[in-house]
Amino acid sequence: MITGKTQLLGVIGHPVQHSLSPAMHNAAIANLGLDYVYLPFPIAPDNLKAALDGFAAIGVVGFSITIPHKQAILPLLSEISPIAQAVGAVNTVVRKDNHWLGTNTDIDGFISPLKNYDKDWSNKVAVVLGNGGAARAVVAGLTQLGVAQIHLLGRNMEKLQVFQQSWENSPLSAKLQVHEWEYLPQLLPKTNLLVNTTPVGMYPKVEESPVGKAEMANLQPGAITYDLIYTPNPTQFLAQAQQVGAVPIDGLEMLVQQGAIALKMWLQRDSVPVDVMRQALRDRLG
Ligand code: NAP
């Protein structure tokens, strides 16, 4: 129930109508019995600064950020966490002492399910498919996990080189190698963790996979395959990987965990009902 004291949270994007975040966060808020509401705010790129000023005026507690504002918001914030600076994108903003503070919870959201599978990543080889925004959070997460090698594959060498150069002054640069897509068959036999950060296989093109069926057979049994896509579940990529004995992780858990970390920050709580958030997403996705 909305009251005179209801506190505001939300997500900004353009478009934002299809965001699953309101369902996930409002389910948790209801479960906790708190007087908050989480709303979708469609904000066109030209209105970003005006939206932030308006949010400050009406006392918004915090908000999530989705495409196309994740990078554009950086100059409008008073403070940006080191991890968000390293990734070059903010997905969560909190109002504190009349300032907007930005961070990126995708990194911890990404590594959260991986911690259940292995404790020591120091001799592991990770292969990341794609070089877009999500890949930046993934390589930052892999560095936090402490993997030995990160191989990033893309279809455009210029973009791959820009990606590599952007990490030049970070500890990650010693571990990161970039390759064109054709190099994948050479990497698969020694891959411990294969991550798809491309949208290939996402609904409605559910028959597609970034890795061919024959290629997938080169993956060693027990390797972990992680698809950032959460619909369909499983994707073709994960279904094929399972057929050769690989362990599948889908993108739903990353979505849940990045949201849970953000909600803890906004509500200033040590815990939030993660199971309720996961179930709300599953219900929405059918
Ligand atoms: P993005 O910035 O647009 O990057 C997409 C990347 O995929 C680019 O490197 C692009 O290559 C590559 N790509 C696109 N189509 C391809 C194809 N047909 N073959 C090979 N490579 C292709 O998008 P993003 O923000 O990183 O998101 C990527 C995916 O991750 C989306 O499916 C998104 O839903 C998912 N995601 C999930 C979560 C979660 O919480 N589970 C969070 C973030 C993102 P080029 O650079 O050559 O164009």
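Predicted model: local features only at pLDDT ≥ 70, side-chain atom pairs only at ≥ 80, totals over all residues.
Local features are given only where pLDDT is at least 70 and side-chain atom pairs only at pLDDT 80 or more, whereas totals for chains, interfaces and linings use all residues. Residues are numbered from 1 along each chain as its sequence is written, and side-chain values use heavy atoms, with hydrogens and water left out.

Six strands form an open sheet in the order E2-E1-E3-E5-E6-E4, with mixed pairing (strands are DSSP runs of E of at least two residues and helices runs of H or I of at least four, numbered from the N terminus; two strands pair if DSSP finds at least two bridges between them). Strand E2 (36-42) and strand E4 (79-80) stand at the edges with a single partner strand each, so that one side of each has no neighbour in the sheet. The pairing of E4 with strand E6 (residues 99-103) is parallel and extends over two bridges, with Glu79 opposite Leu101 in E6.

Helix H1 (residues 21-32) lies across strand E1 (7-13), E2 and strand E3 (62-65), and runs at about 170° to E2 (axes are lines fitted to C-alpha atoms, for helices over the stretch in contact, and angles run from 0 to 180 degrees between N-to-C directions; contact means heavy atoms within 4.5 Å). Helix H10 (residues 252-267) lies across E1, E2, E3, strand E5 (92-96) and E6, running at about 5° to E5. Within H10 lies Gln257, which is buried at a relative accessible area of 15% (buried means under 20% relative accessible area, with a 1.4 Å probe and protein chains only). Leaving aside residues up to four places away in sequence, Gln257 touches Gly109, Ser112, Val274 and Arg278.

In helix H9 (residues 236-243), the residues Phe237, Leu238, Gln240 and Ala241 are buried. Viewed down the axis of H9, its buried residues fall within an arc of 165°, and therefore line one face of the helix (the arc is that of the directions from the helix axis to the C-beta atoms). The elements covering these buried residues include strand E7 (125-129), strand E10 (193-196), helix H8 (213-216), strand E11 (224-227) and strand E12 (247-249). After H9 comes Gly245, with a positive phi near 90°.

Terms used
Buried < 20%, exposed > 50% of the residue type's maximum accessible area, 1.4 Å probe, protein only.
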